[in-house]
Amino acid sequence: MNIYDIQSLVEEDGIIFLSYGGFLSQTLISGMTEALEAESINNNISLGISNNIFTVFIEISQNMMNYSKDINPDDLNTKSHGLMMVTKDAEKNYYIHSQNVISLDDKLKVEEKIADIKSLDKEGIKKKYRELRRNGRELHDKGAGIGFYEIAKRSDEIDCIFKKINEDRFYLHLKIKIVTQK
Amino acid sequence: MENLNLIATKYTPSIDLNTNGIFSIVGKSYPENTFEFYEPMMQWLKKYFSNNTPEKTSVNMEIIYFNSSSSKLFFDFFDLLEENREEHNIEINWIYDADNESSEEAGQDFIEDFEDLTINLVTK
């Protein structure tokens with residue numbers, strides 16, 4: 001992403017009020033979530049919707065912390081590094097954007113989940129979420145494996161784009177829309 | 001057996017499990033490593049249910065928002081309570097702010113998933 005991309009993003013989605021690029025830690029995530037809380041209170045967003053914004057932000061940033069990789073495919077370590085941005089447009093829709101590097105394996109997993117989510121309506125997503133939570137099939141040491149369903153449950157639109165870096169590394173761009181005026 | 005008391009942080013709730021049968025879990029829940037964070041609570045509960053417990057166990061849960069791994073953990077927590085419901089009188093209060101519809105929905109989902117547990121939706 002270069003500065004022109006950021007400019008076009010601003011033109012498309014309005015004001016940026018939170019943006020971070022670099023290494024992520026739990027403390028940073030919690031600090032940024034506090035900034036989002038202040039934003040929600042200032043804009044009189046209902047508790048239910050603001051909690052959706054926080055949860056989506058937390059899911060995406062914790063995913064980034066747990067799965068980001070180095071561009072070099074020989075480096076197998078997790079590199080908790082990426083870009084996070086929260087914007088809002090004139091209709092007061094909120095957008096949570098992220099960019100980070102993931103492995104081919106993780107790209108395939110994300111693609112499969114997004115395709116499944118896109119095939120379901122809201123009720124179907126909620127049903128699938130509870131089903132996966134109950135049977136624990138996606139459970140692993142870092143989480144319950146239901147994060148994308150959590151995001152889908154709490155948002156109005158998910159855009160997901162992959163950009164190839166090399167055979168085993170891809171940029172993952174996510175843009176999640178949350179409507180606040182219903 | 002001693003009480004378990006954990007102080008809330010910016011991303012973990014306060015946990016107060018009292019041997020008199022009053023439990024409360026209050027705050028936000030999005031730990032970096034959820035299962036590790038809640039392990040002492042789960043261990044404490046297993047020990048509690050294997051001892052002579054008070055006549056009634058009341059669980060007050062007021063979780064403002066939580067990540068998906070906490071959601072799974074709460075599911076496992078309710079599962080453990082359900083396993084022990086026959087020998088113990090257990091009641092859960094899922095407490096939320098009246099205009100927090102996402103927390104209300106989370107509570108309703110747990111009620112549907114755990115039909116044999118007494119879960120009350122309580123607005124503040």
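Q: Which residue is the bridge partner of B:Ile95 in β6(B)?

A: The partner of B:Ile95 is B:Val122 in β6(B). Helices (H or I, at least four residues) and strands (E, at least two) are DSSP runs, numbered from the N terminus. Strands of a sheet pair through backbone hydrogen bonds, either parallel or antiparallel. Here strand β5 (residues 89–96) of chain B pairs with β6(B) in the parallel sense over six bridges; two strands count as paired if DSSP finds at least two bridges between them.

Q: Before we continue, what kind of model is this, and how are its parts labelled?

A: This is a predicted model, in which local features need pLDDT of at least 70, side-chain atom pairs count only at pLDDT 80 or more, and totals for chains, interfaces and linings use all residues. Residues are numbered from 1 along each chain as its sequence is written, while chains are lettered from A and ligands numbered from 1 in the order in which they are written.

Q: What is the order of the strands in the open sheet of chain B?

A: The order is β1-β2-β3-β4-β5-β6, six strands with mixed pairing. At the edges are β1 (4–6) and β6 (118–123) of chain B, each of which pairs on one side only. On average, neighbouring strands of this sheet are turned by 15° against each other, direction ignored.

Q: How many bridges join β1(B) to β2(B), and how many pair β2(B) with β3(B)?

A: β1(B) and β2(B) run antiparallel and are joined by three bridges; B:Leu4 has B:Leu17 as its bridge partner in β2(B). β2(B) and β3(B) form a hairpin with four residues between them, and B:Gly21 in the turn has a positive phi of about 95°.

Q: Which residues of β2(B) lie on the covered face, and which on the uncovered one?

A: In strand β2 (residues 14–17) of chain B, B:Ile15 and B:Leu17 form the covered face, whereas B:Ser14 and B:Asp16 form the uncovered one.

Q: How is the packing of α2(A) with α3(A) described?

A: Two packed helices are described by the angle between their axes and the distance between the axes. The axes of α2(A) and α3(A) come within 10 Å and cross at roughly 160°. The two helices are therefore roughly antiparallel, a term for angles over 145 degrees. Axes are lines fitted to C-alpha atoms, for helices over the stretch in contact, and angles run from 0 to 180 degrees between N-to-C directions. Among the residues making the contact are A:Ile29 and A:Leu36 of α2(A) and A:Phe54 and A:Phe57 of α3(A); residues are in contact if their C-beta atoms, placed from the backbone, lie within 7 Å.

Q: Is A:Phe170 buried or exposed?

A: A:Phe170, found in strand β5 (residues 169–178) of chain A, is buried because 24 other C-beta atoms lie within 10 Å. A residue is buried if 20 or more other C-beta atoms lie within 10 Å of its own, exposed if 12 or fewer, and partly exposed in between. Leaving aside neighbours within four places in sequence, the contacts of A:Phe170 include A:Ile102, A:Leu104 and A:Phe162.

Q: How many residues of each chain are in contact across the two chains?

A: 22 residues of chain A are in contact with 19 residues of chain B. α3(A) gives the most to the side of chain A that touches chain B, with nine residues.

Notes
Parallel < 35°, antiparallel > 145°, perpendicular 65-115°, else oblique.
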